[in-house]
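Here are my notes for someone opening this entry for the first time. Please read them with the model on screen.

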Amino acid sequence: MSDRIEEVRSQALQAVASAENLDQLNQIRVQYLGKKGLIQDMMKAMKDLPKEEKPAFGQKVNVLKSEVSTAVETKQVELAKIATAQKLERERIDITLAGDALRLGTTHPLVMIQQEIEDLFIGMGYKVAEGPEVEQDYYNFELANIPKDHPARDMQDTFYVDPNTLLRTHTTAMQMRELEKAHGVKPIKLICPGKVYRRDDDDATHSHQFMQCEGLVVGDHVTLTDLKGTLEFMANKLFGDGRKIRFRPSYFPFTEPSVEVDVSCPFCNGKGCSVCKGSGWIEILGAGMVHPNVFRMNGFDPETTSGFAFGVGLERVAMLKYGINDIRNFYLNDVRFLKTFDRFD
Amino acid sequence: MKLSYKWLGEYVDLSGITPEMLAEKMTTAGLEVEGIEPLAQAEGLCIGEVLECEDVEGTHLHKTETCVGEKTYQIICGAPNCRKGLKVIVALPGAKLPGGTIEAKPLHGLESNGMLCALFELGVDRKALRQDQIDGIEELPEDAPVGETDVLGYLGLDDTILDVSLTPNRADCSAMWNMAKEVGAILHREVKWPDYEGQADIGTDTDFQINLKTDKCSCYYGKVVNNVKVGPSPKWLREYLNAAGMNSINNVVDISNFVMLETGQPLHYYDLAKLKKHEITVVDDRQLTMTALDGVEFEIKTGDILITTDGEATGIAGIMGGEESMIDENTTSLFIEAAHFDHASIRRTSIRLNLITEAAQRFTKGIETPAMAKAVDRSVQLLREYAEADGFEKTVIAGETGYVPQVVTETLSHCNGLLGTSFTMEQVVDTLTWLDFRPEVNGDEITCHIPSYRIDIDGTADIDEEVVRLLGFDSLGSTLPEMAATVGQLTPVQSFRRTTREMMKAFGFNEIVTYTLVNEDYATKGFNPVGEPVALAMPMSEARKVVRTNLINSVMEVVQYNEAHQNSNLAFFEISKVYAKGKEDERLAIVLDGDMQSDRLHKYAIGGDFYALKGIIMTWLSRFGFAESRIRIAENQMDTEHFHPYRSAELYLDRKLVGVFGELHPEYAAKYDCKRVCYAELSIEPLLTAKTGRIRFTELPKFPSVSRDIALVVEKSVSAGDIVKTAKNSGAKILVGAEVFDVYEGEHIEAGKKSVALSLTYQTDHTLKEEEITSAHQRILDNLSKRLNAELRG
């Protein structure tokens, strides 16, 4: 009988070892360890043995049973692992296929620039003023020290609605409203972004509608050097660190002294390139110290008040910054153009 | 303005200063030089004489033998005025002209060793030439030295022209004398004007009368000059006029132009014999047609300033003289007019008549009144010298110049205070002295006596500007304003816009910015106009005539443009103000053309339909804290012209209209070559004024909820909204949610009815017992049955 045990053991262990999958293993388990399995049969056959052999035989069969059970269990873990691995492999996907085409919208580039400027100045304690686009001549021109028939009115040909109403030609109109509203109370720190309109034929560099952002600071001792420092801040924010500012004398009716402001070319770092036409500088805005007449007309005493103002064209900034050559792109709104601006900058 | 470097040198010593150096210094000081051009550009020229000239048969060409000193060449010339004996400018082979290098090559089969030149071929501006100088080759004087090779020098064309862009406040610099003063101040060099003063203080008694009948002419200087001999101008005079871009006519007319260029004062010389009376009356109350100097007729209207003699118009004041009193070769007596006319009136008249003459431009930009006396003095001086004039009558002056010398007192500390600089008194005084401001120092005070031509200077800020522009902006430091702290923050509406933008962006929409000005149709017939449109007085085109009263057409144009450029599945939004007479509104426009999100590969799409749009709008409203209970969606009865009548809705918040949204009417969409487009135009105002509650946290429910799904069969006309509302209003207190999750019509459902699947959620402050649920559920079913005749589907 002992031989029989050995035979069953070697058969069972071999069968378990060669089981290829969990189904086979289960069949093997039933074949040997099941209620009608070989090992149980041997237990049953024990009753035919002489009494004295029974304990030893029983023990041997038990050992066999436990041995085969362990082998089955071990094999089962092993085969389960393989089965899982096979299942996972069957689930293999092509990771090079595109992900879900989730669409993220875009902010219009002019609005992007506007918000960038707003955030910079809000951080420095400025408020963001607003005003009507259909404006009174009084705010657009009269209060800005540009009386009727002033030659400077030629500088910005105007869309009039009637003799007293027009589409604002510059965001200066908002500055005037804010100055008037302040009733002589200082300090004032504000920027006023918005759409403005001039009688220009639309082409690559002209637009009858465009966007400006002006800034105004009024206090007791505001200086021209304050203007320079402030604009340096803005230039660095808009065009990257290390920008320098250059003033050139100019003329605006509402400022005196008036300056054109150049920024050192961000594309060649001032060495000279095609963008700055070799000069190393790019003209970006106009600015100056608020004209005493503007203070007077708005109820401030120019003797004890000083201030600066500046105005920047948002299209100009965006065109420079992003290399846009035709201003009409901003108003055509081609999706391919708009999608250029779908990332953090 | 065109500034002649050579002419400028008459008044300021420019030695050691090249035109380029001058240009840079001027630009730095605020007189921007936009270009530097030689007056003429030519190398390898010489003066020649046409010895023989015969016509080449069958052509307009001439075959010449032209002598250039020792040698004679055969040169073929096409100019009509080419003739034997003419002294000419010759460009021999190898000569360089703006048009290229001259080569010896056959012309019409005939050997030609060079070219006989017209001045424009040397690069002289055609505007500075007479027609005959453009039609033919230049005819040199008989005494021109044959063989001379410095032709440009001989012609006075060895000059450089600086194109100076003058800002409106520095119109004084369009007068050469004043420009010279400015350059002197920039270079720190002395400026010498001709000794003209008092030249006109001579003359016999005159019978000439001047009457000013309008206050638009404040002052008028008139002077009769007899025994004038009209003839060609001296060479220098022709050259300077050419350099300034004017052509030479005769000595007298040239002098009037030259004096204007020098002093800035426009002059008009009348042929005295052609004036019907020795009288000039300035009026502004006539309406007539007159012929001006250039032979063109102009409509004069009331308000235009007019020069009249014996009641008849002789000139459009300050703009152009009349043809009848023009100076010609037979003129022997002149009447000189130097007057001051109202700049605004001249501006209006010249713009209306489209007569933007040199004189009109100068009046428009403003001239000092003392320039009248300067111009008359200088005229007398030059007419005597170059037109042999000797019969002068006394100057007649009508009106007053009103000139009061300008004195401005600034302090050094205020100047430095405004500029943020630390200029010394010496620097400032030096600068002001060079400007001829004759500064007087008294302690910190600097009193400036402003020269009459600097009409732009009338306050301390002007002085500060002069100081900083001439001492240079390079010395400026960089500081930030020192003042009481201010709070910088966005206003509620500004934050609202930003949040809306972020949200729309997250939903995949591209922001657009479109034009405010639209055609009339768009504003009057467009969707939900805010009121009567604001129309431009003088529109530039039909397409940009009125201020838009709504956004729909502008937005649809963008959709149309993109569709036409193969861009599909479009999702745009725009935030913009719209205007009407006396009204302003701010709108959010949203448009969906195609799928909002879609993916062919992974096979899904969020269609751009009514419900997608509604979802966005409801999310937008809830983002700002407006509970669904405050929002009403009503059938669109406001605008079924632009919208699909059964797939659009009116949106109300707290009973205030916010806007209309839904599918566009196919006929309207077709105008933009579109099929199914969903659009919303919503007013921001009602959202800004509506109150929103604070964010409040309520404890999370501790007990589980129970859901029951039911299917109801109702009449087709019963809306999902009614079903949900009826369920909620059944009085079942434990009902916390009612949601439609399916709607079905068709097979197995009776015609005219539909099946609506509803999910009901129950929850309360303890674990629900079955009988509580059953009772509440029954109550709801009863109510649905009673109110809506809803049957539970088996």
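1. Confidence comes first. This is a predicted model. For the complex, the predictor gives an ipTM of 0.88 and a pTM of 0.85.

2. Some conventions. Residues are numbered from 1 along each chain as its sequence is written, chains are lettered from A and ligands numbered from 1 in the order in which they are written. Local features need pLDDT of at least 70, side-chain atom pairs count only at pLDDT 80 or more, totals for chains, interfaces and linings use all residues, and side-chain values use heavy atoms, with hydrogens and water left out.

3. Now the domains, whose bounds come from an automatic or database domain assignment. Chain A is given domain 1 (2-90) and domain 2 (109-341). The C-alpha centres of these two domains of chain A lie 91 Å apart. Chain B is divided into domain 1 (2-39 + 160-187), domain 2 (43-155), domain 3 (209-399), domain 4 (406-471), domain 5 (492-689) and domain 6 (706-792). In chain B, 58 Å separate the C-alpha centres of domain 4 and domain 5.

4. How many residues does each chain bring to the contact? Chain A gives 81 residues and chain B gives 89 residues, where contact means heavy atoms within 4.5 Å. Together the chains bury about 7,300 Å² (accessible area, 1.4 Å probe, lost on being put together and summed over both). Carbon and sulfur atoms carry 55% of that area. A:R103, A:D149 and A:P249 supply 11% of the area that chain A buries against chain B, more than any other three residues.

5. Polar links cross the interface too. Between chain A and chain B there are 40 residue pairs in polar contact, both at pLDDT 80 or more. A polar contact is a pair of N or O atoms within 3.5 Å; within protein, one must be able to donate a hydrogen and the other to accept it, and residues adjacent in sequence count only if both atoms are side-chain atoms. Helix α9 (residues 224-239) of chain A brings eight residues, the largest share of the side that touches chain B. Helices (H or I, at least four residues) and strands (E, at least two) are DSSP runs, numbered from the N terminus.

6. Salt bridges next (a side-chain nitrogen of Lys or Arg within 4 Å of a carboxyl oxygen of Asp or Glu). Four salt bridges cross the interface of chain A and chain B. B:R498 pairs with A:D119 at 2.8 Å, N to O. B:R497 pairs with A:E130, also at 2.8 Å, N to O. Why does that pair join two chains? B:R497 lies in helix α14 (residues 492-506) of chain B and A:E130 in the loop between β1 (127-128) and β2 (134-136) of chain A, so the link runs between chains.

7. Check the backbone at three places. A cis peptide bond joins A:K186 and A:P187, with omega about -5°. A:P187 sits in the loop between α8 (172-182) and β5 (188-197) of chain A. Another cis peptide bond joins A:E256 and A:P257, with omega about -5°. A:P257 belongs to strand β8 (residues 255-264) of chain A. B:R438 is a residue other than glycine with a positive phi, near 40°. B:R438 is in the loop between α12 (425-434) and β23 (440-442) of chain B.

Technical notes. Buried area is the accessible area (1.4 Å probe) that two parts lose on being put together, summed over both.
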